[in-house]
Structure formats: C-alpha cells, structure tokens
Amino acid sequence: MAEEQKAWWKEAVIYQIYPRSFQDSNGDGIGDLPGITRRIPYLKKLGVDVIWLSPIYQSPNDDNGYDISDYRAIMKDFGTMADFDTLLKTAHEAGIKLVMDLVVNHTSDEHAWFIESRKSRTNPYRDFYIWKDGRDGKEPNNWESYFSGPAWQYDAATDQYYLHCFSKKQPDLNWENTKVRDAVFDMMTWWCEKGIDGFRMDVISMISKDQSFPDGPLKADGYGDLSPHVCNGPRVHEYLQEMNDRVLSHYDLLTVGEAAGVTIDEAKKYARSDGKELGMVFQFEHVGPENGKGSIIDKWTTGKPQMPDVRAILNKWQLELEGKAWNSLYLDNHDQPRCVSMFGNDSPEWRVLSAKMLATCLHMQKGTPYIYQGEELGMTNTTFHSLADCQDLEEINAWHQYVDEQKKVTPETMLTCFNTVARDNARTPMQWDASDNAGFTDGTPWLAVNPNYKTINAEAALKDPDSTFYYYQKLIRLRHAYPIIVYGTFEPLLEEDPCVYAFARHLDNETLRVACNWTDKEVPCTLFEGLEGETLISNYEQHKADCLQPYEARVLLTRDAR
Ligand code: TEU
Ligand code: CA
C-alpha cells in the first residue's frame with residue numbers, strides 16, 4: 001500500500017460548536033463568542049484539536065446564520081470582531097485550531113450583493129444570483145426547495161424569479177459568474193489572513209447547477225426533486241480546483257465539504273488524495289431518511305437506522321476511499337438528531353453504555369472524527385409537545401406544507417417525526433450544570449433547554465470518572481497515541497452478525513480488533529477468544545470470552561511477533 005500522506009487534519013479530532021446554543025455570556029439567552037472563549041479550558045480538557053464554528057457572520061438568522069448578510073462582520077447576537085479575535089487567540093494559545101463555516105452556495109437576501117441584484121435586470125450585481133423568467137405565469141421549473149415549497153421566488157420589481165435551494169431568504173449565488181468566484185475567494189483569503197485554520201463548506205456540492213434548469217423527478221408532494229440538477233453539478237470540481245489554486249493551497253488548512261448527494265465516486269474527486277480540491281467531505285448515506293426506515297414524506301420519519309444498514313454504508317465508505325480519499329466520521333451535527341437517541345438507546349438504563357459504544361465504533365474507524373457539542377455528555381433528543389416548541393424553519397415550513405396545506409401527515413405523526421429527526425433536537429442549549437437553564441444562560445434561552453439537564457450536564461460528568469466525557473477524552477488520547485487508529489487500513493469482520501458491528505485495523509505488525517454490540521442483549525461473540533493483547537478501551541471492566549454484554553464495546557490491540 002502506498003505510504004499514506006500524513007497531515008495534521010488527518011490526526012485531529014474536531015469539535016463542532018453551534019454558537020447560538022453553546023454558552024451565553026451577556027444574559028440575552030443567546031450563545032455568543034465570549035461564551036465560547038470562556039469554555040476553551042473545557043475543550044482543552046476534553047482534548048480536541050480543532051473547533052468548527054457554525055456560522056458567526058452577520059445574519060438576519062432566518063436559518064440561524066446559514067443566511068449571511070455580511071461575510072466580514074460578526075453577527076450582532078454573537079458579539080464583535082474584537083470578540084472573535086480574542087476567541088481565535090485564546091484557542092490558539094490553548095493549542096486548539098479554529099475552522100469557520102463557509103456558506104457560499106447562497107447568501108442572505110439582506111446581503112448588499114442581493115439588494116443590488118434585485119434592483120434591476122441591468123444592475124452590475126444582477127448576475128451574482130440566478131434569475132429566470134416565469135413559465136406560463138408560474139415558476140421557471142418544478143423544483144422544490146429543501147425547506148418546502150417552490151425553489152423560485154417571484155420578485156415583482158423586475159418581473160423575474162430567483163432561485164433559492166433553501167429558504168426564500170437564502171438566494172443562491174451564481175457561480176458561473178467569475179465576479180462571484182472572485183468575491184468569494186477574496187473573502188476567504190481575508191479570513192485566512194486573520195489566521196483561521198480551515199473551512200467547513202456548506203452544501204458545497206451544490207454550487208454548480210445544471211444550466212438548463214430542467215424539471216426534476218416528481219416527488220410524493222407533487223414538486224420536482226432538484227437534487228439531481230444541483231448536487232455534484234457539471235463544473236463543481238472545476239470551481240473547487242480554482243478555489244484550491246487561488247486560496248486553499250496558499251495556507252495549511254483543514255477543509256471539509258458538506259456534500260449533500262455525494263457518492264463514493266464523487267467523494268474521490270472532492271477529497272482526492274493529491275489535495276487539489278478539499279481534504280475530506282461529509283456524506284449523508286448513513287444518516288439519510290432512507291436509512292431511518294419508514295420515511296413518511298421526504299426526510300420525515302419515525303423510523304431509526306438499523307445497525308446492519310449503517311454498517312454496510314460505513315464499511316463501504318471505509319473500503320472504497322482507502323488510498324483514494326480521506327474520510328470524515330460523524331453521527332451528530334446541528335442538522336441531525338442526537339446520535340444516542342437515533343442510533344443508540346437514550347433510556348436511563350442504557351444511555352451511557354450505548355453512547356460509549358457508538359463513540360468507540362465511530363472513533364476507531366479510519367478518517368477524521370467530529371464530535372458535536374454535547375455528544376461527549378451523551379446529550380439526548382428533547383421532547384417537542386407542539387409546533388410552538390420548534391424554532392427551525394425546516395420544521396415549521398414542513399409542518400405548514402405537509403400538515404396544514406397538503407394534509408399528508410397528521411399533527412400527531414408529524415410531532416413523532418419531529419421527536420425522531422428534527423434539527424432542533426441538536427440545537428437545545430449545551431447542558432453545563434444543574435443550575436437554571438443548565439448554566440447556559442441566566443436569561444431566557446432562545447430555545448428551551450432539554451429538561452434532563454439536571455442529570456445530564458458537564459459538571460456532573462466531570463465529577464464522574466466513568467462518564468461519557470472521560471470516555472471521549474480517552475478515545476481522543478488513544479487517537480493521538482496510536483498511529484494505527486489514524487492510518488491503519490480497515491478490514492470488516494463479522495459482516496453478517498445481526499447485533500455486533502466488528503472490524504479490524506492493520507498497520508505494520510499491529511492489529512486492532514473492534515467489536516461493538518448495538519443491542520441491549522448479551523450476544524455471542526468469540527472475536528477476542530484466545531488472543532493475547534492489550535484492551536485499549538472498553539465500556540465494561542470485565543469481559544466474557546464468548547459473548548459481548550449489552551452495548552459492550554471493546555478494542556484489543558495485538559502485535560504479531562516480528
Ligand atoms: O445543510 C444542508 C443540508 O443538506 C441540510 O439541509 C440537511 O440536508 C437537512 O437539514 C437534513 O435534515 C446545510 C447546513 O448544515 C444547514 O444547517 C443549513 O440549513 C443548510 O445547509 C442551508 O445553508
Ligand atoms: Ca449572548
């Protein structure tokens with residue numbers, strides 16, 4: 001096997017912060033940058049190498065910052081540019097790198113570029129966005145936005161429609177226009193010159209659209225699916241190679257593309273090992289609704305992924321990217337339900353054990369692991385009692401379309417879907433301690449704190465040597481100490497076992513064997529029988545030779561005699 005190219009971002013563990021929900025410092029109930037700075041010692045103790053901040057730029061918060069109105073200003077809710085400079089300095093002094101969230105598939109409709117663009121068809125900024133004439137008095141095609149409803153918004157001032165793959169306040173930038181690329185690359189350079197350490201690139205797989213804008217395949221709700229015509233488009237790799245050439249290659253950056261719709265073959269291009277595009281991508285197969293079984297409509301499902309399906313997908317990505325592209329590893333982020341609720345078991349009896357098992361299963365694989373804020377505490381989904389408990393426009397729009405307008409889903413069923421997969425499950429405030437509002441704010445939180453904060457919080461975890469916090473801390477330390485965890489090749493094991501997800505890693509004369517019982521039952525497993533080695537980590541003190549205990553995870557390192 002060709003010697004794997006080493007890189008700091010391949011050996012790192014990344015911690016994602018959703019600033020709105022991490023730590024409030026001024027009592028307005030909204031997380032902010034000084035709050036993050038205050039918590040750097042906590043992140044240092046956990047041992048993470050990098051923090052990725054969800055967007056902190058000026059924004060009207062239609063999509064909680066993923067709708068940017070000024071790329072070179074800090075959102076007023078979060079503080080000032082001086083607060084950012086302090087955070088960056090504090091993080092770097094603690095040995096933690098900082099990665100920004102780059103949202104350049106679209107801007108806010110309150111961005112100066114769009115305000116100009118919509119003024120007239122001849123405005124110099126007109127072609128910064130995608131404007132089309134209507135068709136028979138309606139939208140230019142049948143595309144539905146990812147946030148329900150038509151993906152085209154009519155603008156009477158110039159009697160045309162503009163494209164928005166997401167909310168109508170998130171008009172898509174026209175990457176065909178070299179002036180757009182110049183402006184984006186200039187802004188990226190500006191941030192790199194401030195000393196940031198990389199970018200997570202929002203829906204970067206969508207920046208090149210099929211320029212014929214054809215109707216998409218019809219979906220159950222009667223609209224057309226835009227994904228085949230906006231994901232992995234004809235010039236996306238050209239644009240990213242230009243971005244790499246003009247910006248990324250001039251700095252030592254972590255770059256990860258959030259690549260909705262990415263396939264293995266596309267990932268080999270986005271994350272190509274010659275480094276001419278991005279370092280890695282986030283794929284969505286293991287978290288997609290199809291994997292949640294029982295998709296009622298679109299992403300809305302009451303089903304949960306089954307381990308054999310998750311294993312098949314993750315193993316495929318492990319094996320097919322080997323030597324070709326670098327993987328990212330995640331189960332949680334600000335768009336996904338909490339992994340211990342979705343993939344594990346969030347009952348009081350099994351929550352900690354299953355959270356540790358999932359973490360082991362993920363962190364022992366090949367690729368850069370991402371920890372989402374609160375995942376290290378085993379934070380769970382919350383409970384929505386009505387639409388009024390929800391804040392996310394993806395949920396609110398879906399409710400209005402599928403429950404109110406199209407009456408395709410009952411309120412009860414949609415509420416169950418929300419309690420299974422809604423993004424707000426990941427956005428409830430970080431649970432710091434058992435004081436009011438979990439120590440997140442001494443004001444009124446913008447989104448209700450999960451009521452289980454009294455028992456699930458950082459202060460309690462730090463006092464408990466057996467907590468998920470210290471388990472994640474150990475996983476991170478192991479990754480820093482054992483090159484086999486970072487660079488070892490991946491070998492699936494027990495691929496037909498209905499309960500145990502097992503695999504091996506190989507590097508030189510070392511073998512790491514990993515076995516994870518994804519069930520609440522004791523199950524037969526003889527993987528470790530007769531082996532002499534070192535158990536690097538497990539969520540059980542005692543082990544049985546011929547079985548795995550409920551939610552047991554175990555990692556055994558053996559060395560062949562030289
Ligand atoms: O997410 C893009 C995306 O694919 C998500 O909309 C995801 O598919 C969906 O939410 C799953 O439920 C990125 C950001 O991560 C997300 O927070 C933004 O809302 C979106 O882009 C638009 O910027
Ligand atoms: Ca605040």
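1. Basis. The model is predicted: local features need pLDDT of at least 70, side-chain atom pairs count only at pLDDT 80 or more, and totals for chains, interfaces and linings use all residues. Residues are numbered from 1 along each chain as its sequence is written, chains are lettered from A and ligands numbered from 1 in the order in which they are written, and side-chain values use heavy atoms, with hydrogens and water left out.

2. Asn 64. This residue has a positive phi, near 50°, and is not a glycine. Asn 64 sits in the loop that runs between strand 3 (57–58) and strand 4 (70–74); helices (H or I, at least four residues) and strands (E, at least two) are DSSP runs numbered from the N terminus. Its relative accessible area is 6%, so Asn 64 is buried (buried means under 20% relative accessible area, exposed over 50%, partly exposed in between, with a 1.4 Å probe and protein chains only).

3. Asn 232. Here too phi is positive in a residue other than glycine, with a value near 55°. The loop between helix 6 (227–230) and helix 7 (236–246) holds Asn 232. Asn 232 counts as buried because its relative accessibility is 19%.

4. Salt bridges overall. The whole structure contains 36 salt bridges, each a side-chain nitrogen of Lys or Arg within 4 Å of a carboxyl oxygen of Asp or Glu. Side chains of opposite charge can pair when their charged atoms come close.

5. Asp 155 and Arg 118. Their side chains form a salt bridge at 2.7 Å, N to O. This pair links distant parts of the chain, 37 residues apart: Asp 155 is in strand 7 (residues 152–155), and Arg 118 is in the loop between helix 4 (112–117) and strand 6 (131–132). Asp 155 is buried at 8% relative accessible area, while Arg 118 is partly exposed at 27%.

6. Arg 246 and Glu 242. The closest N and O atoms of this salt bridge are 2.7 Å apart. Both residues belong to helix 7, four residues apart, or about one turn of the helix. Arg 246 is partly exposed, at 35%.

7. Lys 544 and Glu 522. This salt bridge has its closest N and O atoms 2.9 Å apart. Lys 544 lies in the loop between strands 20 (534–538) and 21 (547–548), and Glu 522 in the loop between strands 18 (510–517) and 19 (523–524), so the pair ties together parts 22 residues apart in sequence. Lys 544 is partly exposed at 39%, and Glu 522 is partly exposed at 44%.

8. Network. Salt bridges also link Asp 63, Lys 299, Asp 335, Asp 392, Glu 394, Arg 423 and Arg 427 in a network.
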